[in-house]
Amino acid sequence: MRYVSTRGEAPARDFEGVLLAGLAEDGGLFMPESWPEFPAAEWRALRGLPYAEIAARVVAPFAEGCLTLAELRGMTAAAYGGFSHAAVVPLVQLDARTHALELFHGPTLAFKDLAMQLLGQLFDHALERRGERVTIVGATSGDTGSAAIEACRDRRNIDIAILHPLGRTSEVQRRQMTTVLSANVHNIAVEGDFDTCQDMVKAMFADTAFRSEMKLSAVNSINWARVAAQIPYYVAAALALGAPDRPVAVSVPTGNFGNVLAAWAARRMGLPIERLIISANRNDILPRFFTANDMTARAVEPSLSPSMDIQVSSNFERLLFELLGRDAGATARTMRAFRDTGRMPVPDAAWREAAGLFRGVALDDEGTLREMRRVHAATSWLPDPHTATATYAAAHLAPEDPAIPVIVAATAHPAKFPDAAERAVGFRPALPPHLADLMRREERLEVMPNDLEAVEAAVRRHARRNAN
Ligand SMILES: *Cc1c(COP(=O)(O)O)cnc(C)c1O
């Protein structure tokens, strides 16, 4: 399988090349040259298999030419063996047609573990084969950093340095990063805000001498392998609810558009997903697009669902590329116009196609708390603030036919957001057993000023220590 850039000016690569490169050289995102399609019999054959097996078989066509099914099986077994639920991604029925797909049984209690845990395995395998070592750097406002750290800890060929804004993450989020005491993990608390950290990481990548010296790499959400690793759970859930012999719908709380893009990809592969519902908090650029072809960036506002506090959804470019008939020139022009004017000019025909498949709705903080309360009162099951936007969207935007079940992506465990839970339902959900002592564990972090040279020196010092 080869991958092409959505902007058409970068050389095609194979799965491993795309994994290690992340972004294409022309600023575009990698997409498979063609979509693998599974006939109905092949979907049926996956029914009832363990999750790791479904994941290996669904990812296999994307890694064709780089990894064998046997190699992938080893990796998915290792990636998902540590999850705290035997089903890995269990379904919980919320009402006659709505089912929560619990994606939070990984080490950091959010759906990002499903992709990151496999990514860690994939990186290790590729680097081992090439005899290379990389330093992964990233900035986080909370969830992504801990998922990346858990995925990379103790890996022989990887050092990881994660920058977070000093004092500006929740204590649970910080501790999920800083209590990982592995020698290859480096937590840096920067005196500044999230944008300071993000700018610092960009500056490190722009410093070409430093970039090549440290072999910098990233595991951000535009990495194709992360999208690929998110397809299997939609497959597992849809099969459990009767696909391919019965259509389903999905409802996904959306920020960078990576998770829902994976559902779109599952549909493209032949899974009968009738409708893709996205939900947002007050940062509503995506619902505005799908209801009115209005993709206009505004200032980001903080909300109870911080992982969706986003205005520019980087993975949207992949859908755009498809909507424009895979015309890379048109995609590049559209993205340039968006960057220059803050408004994305999507042709009406392309928008109509998108609007026929996607629905979107935004929910403010008060609505989110009300929805958490509603679901908990009706089911005793408590959604986290991100998931609550999606249960709300499912209740309001499901297909007219009540026989079509709706799969709600439950993207985080409610214990990650105890303050919101307390406001909504009056109690703080308990952390699961494997994290029960989190607040008493030893922390390790380095506090650094907002000074590129000093932070680069710290990253270098730490990585050198491990390189031998
Ligand atoms: C990252 C995240 C999201 C948004 O997912 P995208 O793939 O960026 O759309 C939603 N909920 C939670 C809990 C997250 O951590």
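In this predicted model, helix α3 (residues 51-59) and helix α10 (residues 224-240) cross at roughly 125 degrees, and their axes come within 9 Å. That angle makes α3 oblique to α10, and the crossing is right-handed.

**Helix pair α3 and α10**
- The α3 side of the contact consists of Tyr-51, Ile-54, Ala-55, Val-58 and Val-59.
- These residues meet Ala-228, Ala-229, Ile-231, Pro-232, Tyr-233, Val-235 and Ala-236 in α10.

**Helix pair α13 and α14**
- Helix α13 (residues 316-323) packs against helix α14 (residues 328-341) with the axes 9 Å apart and an angle of about 135 degrees between them.
- Angles over 145 degrees would count as roughly antiparallel, so α13 is classed as oblique to α14.
- The passage of α13 across α14 is a right-handed crossing.
- From α13, the residues Glu-317, Leu-320 and Phe-321 take part in the contact, and they meet Ala-328, Thr-331, Thr-334 and Met-335 of α14.

**Cysteines**
- The count of disulfides, taken as cysteine sulfur pairs within 2.5 Å, is zero.
- For Cys-66, the closest cysteine sulfur belongs to Cys-152 and lies 19 Å away, which is too far for a bond.
- For Cys-197, the closest cysteine sulfur is likewise in Cys-152, at 18 Å, and this distance too is too far for a bond.
- Cys-197 has 0% relative accessibility and therefore counts as buried.

- Pro-107 is located in the loop between strand β5 (98-102) and helix α5 (112-130).
- Its relative accessibility is 19%; because the limit for burial is under 20%, Pro-107 counts as buried.
- Pro-107 and Phe-83 are separated by 24 residues in sequence, while their C-alpha atoms are 6.7 Å apart in space.
- Leaving aside residues up to four places away in sequence, Pro-107 touches Phe-83, Asp-113, Gln-117, Glu-150, Gln-176, His-434 and Leu-435.

How values were computed. Residues numbered from 1 in each chain as written. Predicted model: local features only at pLDDT ≥ 70, side-chain atom pairs only at ≥ 80, totals over all residues. Heavy atoms only, no water. Buried < 20%, exposed > 50% of the residue type's maximum accessible area, 1.4 Å probe, protein only. Axes fitted to C-alpha atoms, helices over the stretch in contact; angles between N-to-C directions. Helix = DSSP H or I, 4+ residues; strand = E, 2+ residues; numbered from the N terminus. Parallel < 35°, antiparallel > 145°, perpendicular 65-115°, else oblique. Left-handed = near helix turned anticlockwise from the far one by under 90°. Contact = heavy atoms within 4.5 Å.
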